[in-house]
Amino acid sequence: MDEDAGALPPKHQFSEWYNNILWRAEIMDVRYPVKGLYVWYPYGFAIRKHVYQRLRDLLDRDHQEALFPLLIPEQEFMKEAEHIKGFEDEVYWVTHGGTTPLDVKLALRPTSETAIYPMYALWVRSHADLPLKIYQIVNTFRYETKQTRPLIRLREITSFKEAHTVHATWEEAQQQVETAVRLYKEFYNGLCIPVMISKRPDWDKFPGADYTIAVDTIMPNGKSLQIGTVHHLGDHFSKTFEIKYEDASGEQQYAQQTCYGISERCIAALLSVHGDDKGLVLPPKVAPVQLVIVPITIGKRHEDVIASARSLEQELRQAGFRTKLDTREMRPGAKYYWWELRGVPLRLELGPRDIDAGKVIAVKRTGGKVSFDREDIKSGVAGVLAEISDAMRQRAEEHMKDRLCSVISIEPLTAALNDGKIAVVHWCGGRPCGDAIEEKTNGSILGTDVRSAYVPSTEGACIICDKPGKATLVGRVY
RNA sequence: GGGGUAGUAGGGUAGCCUGGUCCAUCCUAGAGCGUUUGGGACGCUUUGACGGCGGUUCGAAUCCGCCCUACCCCA
């Protein structure tokens, strides 16, 4: 047998593995002839659909979904000084309508604050209108100058979920930040992706924010990937865009705002964190196909087996499982590899022997084979899918634990980063020391106020200046 | 930001320096037929490409220019 037939590059060659799996598993076609723009294949898009449906379900508890325009007039975009500084090098401008130059240039949103907040100024009148919690899921454009990478660094972010909230007080907005962080933790827990939550250093916060809380995960090569951010905007934008409300005593007050976002980087994390040498491994909750039934048809039993498989499929589908019956003219082994590559959590095998014995064989994508009695199939499948989720979550958490370490001086820190680790150090919080850490290690400060089960929130002497410092995450980043 | 290398069929390669029916070759690609089918089947037949635009030339995958895209290295 040819062991190499159809093999992926091994996952420890992560970059090759990643590029390869995107087209082999039909997630993205990278051949679109514009830098930084990629095409979602139907299968990739189906994964996206299920992931974003989960996000919608979480947000819909107390947010409303809306939709704002893609184009932002120049004068609105240019209102908030810090915000402009943060984005002006990355903005695409629409300058013509047909052949006619436009009087007012239009920006393709790199993010939507300046599209949404002029409208919020009209919508918010009184304290009774607050809190206002709205989100949208849209595409955004950023003229990235660094190397682009599918799902990770894009010129068109096709799947940007951004929420924008308005509150009466700074404290309420702060509480909303915490609520959003909890919501993101829940979201990623559902995807079985462990995260590190920290407060970004001041120079790395969102342009125009009081502070930024970031959600990061660790990729297989040890680099951290930012997969969510939550910003307390204070009154920066409300003052710029005149978002005011009348409080209970009849006074006009500037509103306090937050915004928070997640992009298709969550899909990059989903694929990368769980995948293995055979291909994708998808959590049952978001797998487009949760169960694939592979009928084993031999000679005369063909019709018999197919009929049995169809009734099995129908029963499972009615029970609410996303089920696929694979009746293609291929050998069973070829189908196994096909579905394993695509990350289907559970494979059911049904052949003459099983039918005669009243059994169904189930093979978990995470490893292991079980045999169900045909009549118990529904509860059996439900149980095994739950086991798969647990196994995935545990495996991913162990990977994260392995990648985290604590160091107390610069040389070991550099060594740890070179070794593909994310390190916890003590840092005084000062910019000069922060710059020194980043320069000496070629790494980045992810943040302080770390919230992770694996990172103790100790205090200690700053790794550079020896003054009192707080636990700080340092790593190489995407 | 600075440098380097490359782009040939669905994927992988050769050909380029030394222009000339060379439109080659392999596959996990496609189509067709037949035999197969409990972990990637096999045989036969067949389809299909020189990144884009322009230039040089009797003639360009090959030489020149510009553009686009990708990958690698350094900051």
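Start at Tyr-188: leaving aside residues up to four places away in sequence, Tyr-188 is in contact with Ile-193, Val-195, Val-215, Ile-227, Ile-262 and Cys-266, where contact means heavy atoms within 4.5 Å. This is a predicted model, in which local features need pLDDT of at least 70 and side-chain atom pairs count only at pLDDT 80 or more, while totals for chains, interfaces and linings use all residues. Residues are numbered from 1 along each chain as its sequence is written, chains are lettered from A and ligands numbered from 1 in the order in which they are written, and side-chain values use heavy atoms, with hydrogens and water left out.

Tyr-188 belongs to the largest nonpolar core, which has 67 residues; Ile-27, Val-51, Leu-151 and Tyr-188 are the ones touching the most other members. A nonpolar core here is a set of buried Ala, Val, Leu, Ile, Met, Phe, Trp, Tyr and Cys residues joined through side-chain atoms within 4.5 Å. Buried means under 20% relative accessible area, exposed means over 50%, and partly exposed is in between (1.4 Å probe, protein chains only). Both domain 1 (14-274) and domain 2 (291-390) give residues to this core, so it lies between them. There is also a second, separate core of 26 residues, with Ile-72, Phe-87, Val-91 and Tyr-117 among them.

Now for the domains themselves. Chain A splits into domain 1 (14-274), domain 2 (291-390) and domain 3 (403-475), with bounds that come from an automatic or database domain assignment. Between the C-alpha centres of domain 2 and domain 3 there are 49 Å.

Helix H8 (residues 265-274) is largely enclosed by the rest of the structure, because 10 of its 10 residues are buried. Among them are Arg-265, Cys-266 and His-274. Helices (H or I, at least four residues) and strands (E, at least two) are DSSP runs, numbered from the N terminus.

Helix H5 (residues 113-123) holds Thr-114, which counts as buried because its relative accessibility is 1%. Beyond residues up to four places away in sequence, Thr-114 touches Ile-72, Glu-76, Phe-77, His-83 and Phe-241. Glu-76 in turn pairs with Lys-79 in a salt bridge (3.0 Å, N to O), meaning a side-chain nitrogen of Lys or Arg within 4 Å of a carboxyl oxygen of Asp or Glu. How do the two partners differ in cover? Glu-76 is buried at 17% relative accessibility, whereas Lys-79 is partly exposed at 41%.

Asp-435 bridges to Arg-431, with the closest N and O atoms 3.3 Å apart. Both sit in helix H14 (residues 431-441), 4 residues apart, about one turn of the helix. Asp-435 is partly exposed at 24% relative accessibility, and Arg-431 is partly exposed too, at 44%.

Lys-470 and Asp-449 make another salt bridge, their closest N and O atoms being 3.5 Å apart. That pair links distant parts of the chain, with Lys-470 in strand S24 (residues 468-475) and Asp-449 in strand S22 (residues 444-451), 21 residues apart. Lys-470 is partly exposed at 39%, and so is Asp-449 at 37%. Elsewhere, salt bridges that share partners join Arg-200, Asp-204 and Asp-216 into one network.
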